[in-house]
Amino acid sequence: MPKITLNGQEVEVQDGLNLIQAAESVGVTIPHYCYHPGLPIDGNCRMCLTEVEGARGPQIACNTFVKEGMVVKTDTPAVEKMRKGVQEFLLLNHPIDCPICDQAGECRLQDYYMEYGQYDNRSMVEKVEKKKAVDLGPTVVLDQERCILCSRCVRFCESVTETGELVIANRGDHSAIETFPGMELDNPYSVNVVDLCPVGALTSKDFRFKQRVWFLQTAKSVCTGCAKGCAIDVDHKDGEVFRYRPRHNPDVNSYWMCDEGRFSYKRINEDRLRTALIEGREAAYGTALDAVVTKLKSVVELYGAESVAVVGSPHGTVEDNFLVNRLAREVIGTSKVWALALTPDGSQDDFLRRADKTPNRTGVKFLGLNDDAESLKAALASGAIRMLVMVNTDLLTEGDGSWQEALSKVPTTVLFGTHETEGARKAGVSLPIAMHVETYGSFVQENGILQKIMRAFDPTGDVLPTWEAVGMLAGRLGKGFGYDDMEQIWEDLGKTYPALAGQTFYALPENGLSLPAGAAAGSAAARH
Amino acid sequence: MAFQKVVSRHFDVPNAHDIAVYESLGGYQAARKALAMEPGAIIEEVKTSGLRGRGGAGFPAGMKWSFIPKDSPKPKYLVVNSDESEPGTFKDRKLIECDPHSLIEGVIISCFAFGSHQAYIYIRGEFNQQRIHLNDAIQQAYDKGYLGDNVFGTGYTIHLSTHRGAGAYICGEETALLESLEGKKGQPRLKPPFPATHGLFQSPTVVNNVETIATVPWIIANGGAAYAAMGTEKAKGTRLMSVSGHINKPGVYEIEMGMPFKDFLAENLGGVWKGRTLKAVIPGGSSCPILTAEEAMNLTLDPEAIAAIGSMAGSGGMMVIDDQTCMVDLLEDLTHFYAHESCGQCTPCREGTDWLYKIIRRIESGRGTAQDLDDILDIADNMEGKTICALAAAATMPTRSYIKKFRDEFVAHFEHRGCPYKQAKVPAGAGA
């Protein structure tokens, strides 16, 4: 670890870092626009200029790498003047239309003006006019006048997606972002350029003009769009999700996420099951739960506990499925437990998108739950199953003809579901459960990394988090789990699964917990 | 040793561009000699000559070649910079027109010296006739077996081709040139890494000016010591000056390093035109800080002497300015050029060059204020040394010098609410 002197203080920093990263690691911020750790260094914005002893003139921190004994200054009057100068240059031809700009509140021009600018305007020259509201493609809109030409978006399309739709055309202060003639910005990861854009030049068609960002709150979560499990920030307000943004997780998704996953938030706001249903008719939650209890007791009494099948889901969290398993085995007393979904495979590539569109298949395998759909279908078709309890897996909606035939042999179906689907209306009893942003929990992504999700807001209506709903059912069956929160569930998870021993929910690592290779490998093998 | 012409020695020989004529003058003998030498000995000879780059920066050529790593598994490239875009500079054009084979011969010797098998001449887009002319000469050299897979029958391979630019000043900056040569938008690269290790196609590359390379055959033929015997203590040999402006005999001249400007003006350039008085001199291309008449008349033309009074020898593109020239008007023109040619990649240059131009335009039009001069100097300070390449400095250095040395003229514009020179001028079309 090299030692450098930063603003007069000797500090030890990690080898191989540039000065922006090195300073950050010891709590010193070096402002920058164009540098992004996920992209090749371009060094064009000049905001990160610093003084390095022995160097010829000021040096850009992004392209200067730490060396033993390096003496760096970021707090001198000269550095302050350089930053102010760059800020002034960047705003010279900028429209300063903050009130109507979507980026307001999360704009580096705004932030850095307050921090490093604060100059009196002395520009009496006319601004360069460029194109406004340029439609770049299906997802992104460009305002060339707001652009500071940091080239992050261009570099993203060059080096990350390797699709190369964007270019900086023209020269001097007439330079502007353009798509190549005849091309659109249309790739499966296009909206990442909006996250990357440090100013209001690139805005998301989906999000623009929907909310002022300072009204939004953010919860750390995981995208449930596929088995990759990209770490995300969920931006929400008043119980409504407005956008997902990728959250840096070097072990999973780096800084990125796909557009498909990004827009999967819409499902949270649409067609939700908000009340319990008994045979398709709205019912009070307690009434519906009592109906399930009554039915369960009679089926067990008449046909035995093994005539009840319980199905958890790779759409559900580790915690939910843990309790589903306990509900079946300990409370009901049946060994007929599965965890599977009939969600069809989708788009796949060698970057982030996975054909498996469930977020926790590896997790249910880790828990030891049976995900073999054929064996479940056979059991149902045999007529031996008199009651089927589905938790977060809607076989009634997603099952094809042979499933429908098998399901028709089951007299009683119970669905703990998130959406008001055909299956929710068909099931004997349907109970509304929370989606991932409305609860705490964890998912295990395809490589065996367990990531926790934090609740963004409480569900509305009669909706309960699955772990609470399942717990309530167990309680009414006389064998409640006694869980009040995640920590208590994790105590028991730790006792049951050695890989989780000693872990507590709230202290789970930021970038997730890597489960032993065997657990993840086992699941992958089972799937294929 | 007395001054003798080196790089312009064939300029007055009819048809020297033809290989037969060139060979009759002793052409390609230096290359034959060089290919029988140890490559290291060639580099030593060039080091002995003290030859420095003639593109503007003046870096010692032999030393530049010796930076090329010997153990690199990658190909090594020689790239000849013939983008010649600095306003006032037109010596390389003349050289290519009159004596293309000395350039080609220089390429052969240089490639052999540092182990390159592929050379490119990057020629500015506007030099299309010169490019065709040069291609003809290259074809002649190929036909004779002086280029190709068996140069002079030695088994050594050297391929040479020209690449035409698309009209951007910035492509004269060596890393922007390399980007352009690779087929990308011509914009300077961040340094480090430098071209010696990561140049063309990320391979070791020497980028030299046309005149530099064209000087090499003479050095090999006559010895580095003979070249070093001319010039001054630190600036050896001779150089081409392309001189334009208010003189009686504009053109390209080869002078010995250290020649007094006063003599150059009187003997070569025929003095200031129309019997007018010298006002100022741009010594080496438009990016050089301007010199007053007094400074110029006491100057010797070598890099050290010019640097000592705060300017640069640059590319040898000299412009002589008479006393009827408005310095604000001249600066407006010059800053307009740099604003137009800024590649736009990095912030201070992209925004600053145009800002400077717009302020100076305002002053020239009579709407300026004294505050503008303070602003210009401060903006220049925010640009200079803060950018990826030297284009910003190429705009700010002269700007600062004009204000420093000719402040009175700027003030006159504020007071006259317009350009005093233009006001005095006879209206266009009023008869000669």
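Student: Which residues of H7(B) are buried, and what makes a residue count as buried?
Tutor: In H7(B), the buried residues are Gln130(B), Arg131(B), Leu134(B), Ala137(B), Ile138(B), Gln140(B) and Ala141(B). A residue is called buried if 20 or more other C-beta atoms lie within 10 Å of its own, exposed if 12 or fewer do, and partly exposed in between, with the C-beta atoms placed from the backbone. This is a predicted model, in which local features need pLDDT of at least 70 and side-chain atom pairs count only at pLDDT 80 or more, whereas totals for chains, interfaces and linings use all residues. Residues are numbered from 1 along each chain as its sequence is written, while chains are lettered from A and ligands numbered from 1 in the order in which they are written.

Student: What covers the buried residues of H7(B)?
Tutor: The cover includes helix H1 (19–24), helix H5 (91–98), helix H6 (100–114), strand E2 (118–123) and strand E3 (159–164) of chain B. Just after H7(B), Gly145(B) has a positive phi of about 80 degrees.

Student: How do you know what span H7(B) should have?
Tutor: The expected span is 1.5 Å times one less than the number of residues. For the 16 residues of H7(B), residues 128–143, this gives 22 Å, and the end C-alpha atoms are 22 Å apart, so the two values agree.

Student: Why is helix H10 of chain B called largely enclosed?
Tutor: Eleven of the 13 residues of H10(B), residues 210–222, are buried, and therefore the helix is largely enclosed by the rest of the structure. Among them are Glu211(B), Pro217(B) and Trp218(B).

Student: How do you know whether the radius of gyration of chain B agrees with that of a compact globule?
Tutor: The radius is taken over C-alpha atoms, and the globule rule is 2.2 Å times the number of residues to the power 0.38. For 432 residues the rule gives a value near 22 Å, and chain B has 22 Å, so the two agree. Of the residues of chain B, 57% count as buried.

Student: Which residues does the contact between the chains take, and what makes two residues a contact?
Tutor: Two residues are in contact if their C-beta atoms, placed from the backbone, lie within 7 Å. The contact takes 22 residues from chain A and 24 residues from chain B. Helix H2 (residues 77–92) of chain A gives the most to the side of chain A that touches chain B, with six residues. The buried residues of H2(A), including Met82(A), Phe89(A) and Leu92(A), pack against strand E3 (49–52) and helix H3 (108–117) of chain A together with helix H16 (347–364) and helix H17 (370–383) of chain B.

Student: What makes E15 and E17 of chain A edge strands?
Tutor: Strands pair if DSSP finds at least two bridges between them. The open sheet of seven strands in chain A has the order E15-E14-E20-E19-E18-E16-E17, with mixed pairing. Strand E15 (281–283) and strand E17 (337–339) each pair on one side only, and these are the edge strands.

Student: How do you know that strands E18 and E19 of chain A pair, and in which direction do they run?
Tutor: Five bridges join strand E18 (residues 387–391) to strand E19 (residues 412–417) of chain A, and the two run parallel. In E19(A), Phe416(A) is the bridge partner of Val391(A).

Student: Where is Pro192(B), and what is the omega of its peptide bond from Lys191(B)?
Tutor: Pro192(B) is in the loop between helix H8 (174–181) and helix H9 (195–198) of chain B. The peptide bond from Lys191(B) to Pro192(B) is cis, with omega near 0 degrees, and a cis peptide bond with omega of about -5 degrees joins Pro192(B) and Pro193(B).

Terms used: Helices (H or I, at least four residues) and strands (E, at least two) are DSSP runs, numbered from the N terminus.
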